[in-house]
Amino acid sequence: MKRGLPKVETEGLKSFIPQDEIFQWLEKTQNPTPERVREIIQRSLDKNRLEPEEMATLINADSPEMAEEIFEGARELKRRIYGNRIVLFAPLYVGNECVNKCEYCGFRVDNEEVHRKTLLTEELVAEVEALEDGGHKRLIMVYGEHPKYDAQYIHDTVKEVYTVKKGPGEIRRVNINAAPLNIEGFKKVKEAEIGTYQIFQETYHQETYEKVHAAGPKSNYLWRLHGLDRAMEAGIDDLGIGALLGLYDWKFETMALLYHTIHLEKRFNVGPHTISFPRLEPAVGTDIDSITEEYEVSDFDFKRLVAILRLAVPYTGLILTCRETTELRNEMLSFGVSQIDGGSSIGVGSYSEEDPEAFKKSQFLLGDNRSLDQVIRELCDAGFIPSFCTGCYRKGRTGEHFMEFAIPGFVKRFCTPNAVLTFLEYLNDYSSGETLSAGLDQINRELEAMPVSKAKDELQERMEQVKAGQRDLYF
Ligand code: SAM
Ligand code: SF4
């Protein structure tokens with residue numbers, strides 16, 4: 001395989017984001033009646049993916065009363081489909097060299113204030129050991145876009161991570177957030193047995209996109225927009241999409257995320273596994289305020305857009321990261337966010353090394369700095385069950401043949417039992433005393449809520465095996 005970054009090729013590619021149509025829907029659906037809004041919420045509660053006209057109507061239902069009904073709709077949908085569990089992961093920054101010029105990112109090529117760093121193999125191992133010592137099982141590995149971090153390199157570093165075992169620790173799923181590759185490159189990365197490949201479009205508004213990405217391969221809108229199509233063609237059927245909020249109007253971006261989902265569903269019969277919606281955060285050497293001046297997303301609108309996404313794509317996982325504050329994260333869990341990170345550190349090398357200047361190796365600054373143990377304790381206190389489950393992807397339950405949660409009873413059959421087993425492992429191996437008792441209480445509540453059944457007996461049997469020291473049991 002040729003080393004280095006792939007050639008950007010966009011001949012014959014067209015945008016599947018119909019910009020004018022999005023503006024028209026947002027215009028036509030203004031001032032919706034409460035009856036229409038309720039009808040749409042009901043369609044979502046009946047587990048239908050919404051159409052663009054319906055999403056635009058919810059976006060335009062912006063009075064506090066209507067917003068509250070939308071929030072309640074999202075909470076109800078979460079209760080019906082997702083149950084109590086929240087999947088936990090940690091980001092692992094591998095290297096912050098980058099050839100692009102993304103105006104908003106601390107890693108951009110012309111940022112002289114950022115300290116450049118790529119983990120050496122022994123440093124990568126030390127980072128993974130530190131994450132395992134904290135109890136993590138699921139990582140997302142993050143890379144700048146640079147000839148050093150080509151497909152082969154991503155492949156090799158993922159493989160390396162899977163080999164690291166410290167005490168009872170191991171990483172069982174590695175997701176990727178990296179630049180879009182060509183088909184050959186995606187195939188190579190797939191060989192390393194990755195979970196989700198995430199690529200955020202940042203902004204789906206082409207003019208804004210071209211303005212904030214002035215140079216480098218990322219400056220090509222279509223190459224990036226079609227990145228996940230190429231991943232799919234290469235056989236990676238577990239994909240994450242996202243928009244970086246604050247660059248352009250959130251209403252447009254939220255609609256575009258739905259159009260991207262519909263495009264993937266139509267073309268490949270499977271939508272994205274996850275959607276991310278990071279808001280712009282301060283970054284070293286970067287004047288974020290001037291970038292977000294016009295389109296900053298308020299907390300109220302942020303909550304609305306997440307609740308609307310929950311309703312619009314009932315079966316797609318939603319990811320909320322430590323970019324947001326603890327208070328907001330806690331509040332938004334009830335809207336159907338399915339994955340959060342915990343105990344994150346985003347300086348390159350900063351899990352294994354105390355570095356008072358870590359922020360200079362960071363892409364941006366975090367809003368939630370709690371430890372994983374603390375996040376977990378608070379999740380339990382709020383009635384959630386933390387999960388480190390990696391069952392689906394290891395059992396091949398991905399892609400067209402399996403749309404997560406689409407199968408009736410799926411959460412009860414797989415997700416909740418797997419959450420209990422992986423959480424019990426965490427409690428036995430890593431938790432502090434206080435978290436241990438909060439966690440065991442939460443597991444008891446989950447068991448009490450389960451009807452007497454063969455499945456429950458099986459779960460309890462496996463729980464005994466975990467208590468006796470067996471690990472990595474899953475349904
Ligand atoms: N270099 C690859 C790329 O750009 O796709 C992957 C890694 S990039 C470090 C991961 C994501 O971080 C970007 O897609 C962007 O959405 C987000 N990001 C960049 N700067 C940010 C900032 N200042 N605040 C919040 N998120 C940011
Ligand atoms: Fe590089 Fe990604 Fe940051 Fe852009 S967002 S500067 S491509 S690391």
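Residues 24 or more positions apart supply 76% of the contacts in this protein, counting pairs with a separation of 6 or more; a contact here means heavy atoms within 4.5 Å. This is a predicted model, so a local feature needs pLDDT of at least 70 and side-chain atom pairs count only at pLDDT 80 or more, while totals for chains, interfaces and linings use all residues. Residues are numbered from 1 along each chain as its sequence is written, chains are lettered from A and ligands numbered from 1 in the order written, and side-chain values use heavy atoms, leaving out hydrogens and water.

**Overall build**

There are 19 helices and 11 strands, taken as DSSP runs (H or I of at least four residues for helices, E of at least two for strands) and numbered from the N terminus. The radius of gyration is 21 Å, close to the 23 Å that the globule rule gives for 475 residues, so the protein is as compact as a globular protein of that length. That radius is taken over C-alpha atoms, and the rule is 2.2 Å times the number of residues to the power 0.38. Along the principal axes, the C-alpha atoms fill a box of roughly 60 × 60 × 40 Å.

Of the 475 residues, 60% count as buried, meaning under 20% relative accessible area with a 1.4 Å probe and protein chains only (exposed is over 50%, partly exposed in between). The protein exposes about 18,900 Å², with carbon and sulfur atoms supplying 47% of it; the areas come from the Shrake-Rupley method with a 1.4 Å probe, and for residues only the protein chains shown count as cover.

**A covered helix**

Helix α3 (residues 52-60) is mostly covered, with 8 of its 9 residues buried. Among the buried ones are Pro52, Glu54, Met55 and Asn60. The cover over them includes α1 (19-28), α2 (34-45), α4 (64-82), α11 (250-268) and α13 (299-312).

**Cysteines and a threonine**

How many disulfides does the structure hold? The count is 0, where a disulfide is a pair of cysteine sulfur atoms within 2.5 Å. For cysteine 380, the closest cysteine sulfur is in cysteine 389, 16 Å away and too far for a bond.

Threonine 292 is found in helix α12 (residues 288-292). Leaving aside residues up to four places away in sequence, threonine 292 touches Gly246 and Leu280.

| Residue | Relative accessible area |
|---|---|
| Cysteine 102 | 7%, buried |
| Cysteine 380 | 0%, buried |
| Threonine 292 | 7%, buried |
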